[in-house]
Amino acid sequence: MSSQRCGNGLLVHILVSMGYTDGFGIDVRARKTWELFPPETQSRLQVYSYDPTTITTSSSCPPLLRPGMFIIGNHTDEMTPWLPILATLCPDASFLSIPCCPWDLDQKFVKPRGFHKRSDKLPAEEELERKLEARGPGGSTSLYGTYLQWHLHEAFECGFDVETEVLRIPSSRNWALIGRRNVVATPDEQERRREAAFAKIKAVQERGLFKTRSPEGKATQEHH
């Protein structure tokens, strides 16, 4: 388990209490609530600013991650579109994304021209579109609705069979995308997906627009 932007640390504490003690939560700054948790939870929380542009083709897994991890991103802003890519580059990993502010890989998200008029929409995209419209007219074509569909499409391109769910949390940004299974079957196809992910990283590196948030307070680059 890896919780990106773990915030007050409560989710990490719950998972640790349930026995998931081999994971951790990261955020760009420590919260006062971290000090209230027992030592076994505190040891799983760390200040860390993730920079996906440092990932290299020689890495078996992206920084901090290990094969088989479940990567959780709760309102991770600029890291949100990177979650499926991180999971693709980490063998047997899966992800849960709860998007908030719409971000592309290195800048604020802008609706792609003609996105809603495509003839090659995935069944999962059409299902999400129906769910969004059921919650209010225009829900699927709003900026947030469009971003959810774009995020789902990008995750599918990374090889994931993506499920969507509305969570019972105190936020209007309560949609979750779950990449439980990687639908890629053959080693050759898996390698093509990895190459495509590295190509996206290289493109972001060349544009030079991605801005890593600076860690605040006492930061560490290692997890326990």
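**Working chat: a predicted model**

Visitor: Where is Met 18 found?
Guide: Met 18 is in the loop between α1 (10–17) and β2 (24–27). Helices (H or I, at least four residues) and strands (E, at least two) are DSSP runs, numbered from the N terminus.

Visitor: Is Met 18 buried or exposed?
Guide: Exposed, at a relative accessible area of 56%. Buried means under 20% relative accessible area, exposed over 50%, and partly exposed in between (1.4 Å probe, protein chains only).

Visitor: What kind of model is this, and how are residues numbered?
Guide: This is a predicted model, where local features need pLDDT of at least 70, side-chain atom pairs count only at pLDDT 80 or more, and totals for chains, interfaces and linings use all residues. Numbering runs from 1 along each chain as its sequence is written, and side-chain values use heavy atoms, with hydrogens and water left out.

Visitor: What is the mean pLDDT of the chain?
Guide: The mean is 91, and 96% of the residues reach 70 or more. Over residues 219–224 the pLDDT is below 50. pLDDT is the predictor's confidence in each residue, from 0 to 100. Where it is low, the predicted coordinates should not be read in detail.

Visitor: Switching to α5. How many residues does it have?
Guide: Helix α5 (residues 143–157) has 15 residues. Of these, 12 are buried, so α5 is largely enclosed by the rest of the structure.

Visitor: What do the buried residues pack against?
Guide: Their partners are α3 (83–89), β5 (94–98), α4 (123–134), β6 (160–166), β7 (175–182) and α6 (187–207).

Visitor: And Gln 149, buried or exposed?
Guide: Gln 149 counts as buried, at 2% relative accessibility. Leaving aside neighbours within four places in sequence, its contacts (heavy atoms within 4.5 Å) include Phe 115, His 116 and Glu 125.

Visitor: Salt bridges next. How many?
Guide: The count comes to 15. The rule is a side-chain nitrogen of Lys or Arg within 4 Å of a carboxyl oxygen of Asp or Glu.

Visitor: Which residue does Lys 200 meet in a salt bridge?
Guide: Glu 157, at 3.8 Å, N to O. That pair links distant parts of the chain, with Lys 200 in helix α6 and Glu 157 in helix α5, 43 residues apart.

Visitor: What about Arg 180?
Guide: Arg 180 forms a salt bridge with Glu 163, the closest N and O atoms being 3.0 Å apart. Arg 180 is exposed, at 53%, and Glu 163 is partly exposed, at 31%.

Notes:
Expected span 1.5 Å × (residues − 1).
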